Each structure stands twice: as structure tokens, then as C-alpha cells.
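Visitor: Hi, could you walk me through this one?
Guide: Happy to, let's bring it up.

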Amino acid sequence: MSTNTHIPFRKMNGLGNDFIIVDGRSEVRRFTPEQVHAWSHRQTGIGCDQFIVMEQSDVADLRMRIYNAEGHEVESCGNASRCVADILFSETGADTATIDTKGGFLACRKADAGLVSVDMGVPKFGWQDIPLAEEFHDTRGIELQIGPIDAPILHTPSVVNVGNPHAIFWVDDIDVTDLSKTGPLLENHPMFPERANISLARVLSPAQIEVKVWERGVGLTRACGTAACAVAVSAARTKRSGREVTITLPGGDLLIEWDERDHILMTGPVSYDFEGDLSVLEDAAP
């Protein structure tokens, strides 16, 4: 005999990067990749970029488990971190919160105008930390291109790990290529053994960069917090910008500061969309 269990969820978003968030702190919740994929599907399910489970933590206010829309667990999600932090703020009345993730420990705080700021930690630039399939001494620009060898459409990406792997292609035109087609090829390129998030970045000024993102396991997204962080530190590292920059994504702006400790501070908005219940078919004892 099977029974239907109904599990409450919140639907939230950060600049249109949207999440199904389940509270597993009082009761452990485990979901299969197939379940996550079904709920994340935009035509047949609720629809989201990432599926988030909040859990108890011995080292932080909570642990956040992150699953991409395909159903696979991933390390980090900046926009989801702000949403979960805002849930904690509303529960505790505090102005600060800590979150433990597979990609690292995050310190969060309330910022002005209803925004949330997250310390995303220190970026990793070593080829083996990103990781890459072969050794590069300088990851500010690696040998990788799309298009004719003498006139490539995309080439020489900056690569960095900010809790997950990123490749940033610097372009003069954000629409130089159809990222819905080139994104999957680059995400799964042999150079990236753990796959990668792919960004096209156009420098508007030393203080503003326009970005379009193909997110690993998700696809085109209106915003990606870790991609914004990756672009900002890579721009500063290649002298394209200063260490504080506005990243303009299709969903809106994120302010990224790479501070004197080399920590990345990401500040942006959160939004609550709606609440509901997930229906889970479970086997019951006879």
C-alpha cells in the first residue's frame, strides 16, 4: 500500500533565478534525482533552477543542500544563499546568519534597502582546484575556443572556482553567439571534468559588466550569483575592472566586492513567490 505525503515548500527567487525550498530541519528529507527533476520541470512540474533543502547543522545556523534542475547535487548557489538567509532573518529577527554548503561556509547579513549580502569566501584560481583536465599556469586566460581557428567566436576564457567551476568568455557583444546552443557544448567540454558554468561577459565600464549565463545542469538563467562573483574577480584579475563592480544580468543587478581579505561579498535582492505542498508517494507498512 502507498500513501501520499505532503511536504510544504516555499518558492523564492533572486533576480529571477528561482528555487523550490524545502525545510528538512525537523524531519530529514531525502529526494531522488528523478523527483527533483520532475518538480523542477517548467512545463510539467512547479519549475525552478535549483531545488534547495534546509537541514540541521552542527557548525552553522543551517546546512543548505543544492540540487540543479537535472536532479544532481551541486556545491554552491549564491542567489539561493540570499533567499535562505532571508528565511533565517525572518525566523530569528537577527541581522546575521551562517549557512553550511557543500561548496563552503557562508556568512550572511542584512544590507540596506532590503538587500542581503553574502560572504562567498575566497576564489580558487589553481587549475587543479577549478578543476581543469590539463595544467595551466595562468588561469586568467586558457586555450579554449569555439569557431574557426583563425577567427573564433569565443576564445581564451578566464576560469575560476567560487564554490563551483566557472569559465568566462570576454566579448564585445553579449549576443555574439546563441548561448542556448554553445552553452551545453562548453559546459560538457573535456577541459572541465566536473562540467562548468559558462558566462559571456561584456565590460561596460570599470564599474559595470553585462553578463549572460549558461548554468551547469540548469541552462540559460536570468541570474546566477556564483557566475556574478566569478566574472567580478576575473575582471579585476585581468585589469578589466576594479574590485567593486555591478554585474548586470538579465534578471537585474548584483553588487560584487572582492575585498582586501580576498573574500567575495555579493549583495542583491530576494523575493518570495508562493508556498505550496509537494506530493510524495511513499510505501506504507501493511
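This is a predicted model: local features need pLDDT of at least 70, side-chain atom pairs count only at pLDDT 80 or more; totals for chains, interfaces and linings use all residues.

Visitor: Noted. How many of the 286 residues count as buried, as a percentage?
Guide: For the protein chain that figure is 53%.

Visitor: And how many helices and strands are there?
Guide: The protein chain has four helices and 19 strands. Its radius of gyration is 19 Å, close to the 19 Å that the globule rule gives for 286 residues, so the chain is as compact as a globular protein of that length. Along the principal axes, the C-alpha trace spans about 70 × 40 × 30 Å.

Visitor: What about contacts in the chain between residues at least 6 apart in sequence, how many join residues at least 24 apart?
Guide: That share is 61%.

Visitor: Switching to rings. How many aromatic pairs does the structure hold?
Guide: Five aromatic pairs. One of them joins F31 and W39, edge-to-face, at 5.4 Å centre to centre with 85 degrees between the planes.

Visitor: Are F31 and W39 buried or exposed?
Guide: Both are buried. F31 also pairs with F51: the ring centres are 5.3 Å apart and the planes stand at 80 degrees, so this pair is edge-to-face.

Visitor: Where do F31 and F51 lie?
Guide: F31 is in the loop between β2 (17-23) and α1 (33-40), while F51 is in strand β3 (residues 50-55), so the pair ties together parts that are 20 residues apart in sequence. Through ring pairs, F31, W39 and F51 are linked into a cluster.

Visitor: Why do you count F31 as buried?
Guide: Because its relative accessibility is 13%, and buried means under 20%. F51 is buried too, with a relative accessible area of 0%.

Visitor: Nice. Which residue lies over the face of F125?
Guide: That would be R237, at 4.0 Å from the ring centre. Over the face of W258 you'll find R243, at 4.0 Å from that ring centre.

Definitions and conventions
Residues are numbered from 1 along each chain as its sequence is written. Side-chain values use heavy atoms; hydrogens and water are left out. Rings of Phe, Tyr and Trp (its six-membered ring) pair if their centres lie within 6.5 Å; planes under 30 degrees apart count as stacked, over 60 as edge-to-face and the rest as tilted. Buried means under 20% relative accessible area, exposed over 50%, partly exposed in between (1.4 Å probe, protein chains only). Helices (H or I, at least four residues) and strands (E, at least two) are DSSP runs, numbered from the N terminus. A charge sits over a ring if NZ of Lys or CZ of Arg is within 6 Å of the ring centre and within 35 degrees of the ring normal. The radius of gyration is taken over C-alpha atoms; the globule rule is 2.2 Å times the number of residues to the power 0.38. Contact means heavy atoms within 4.5 Å.
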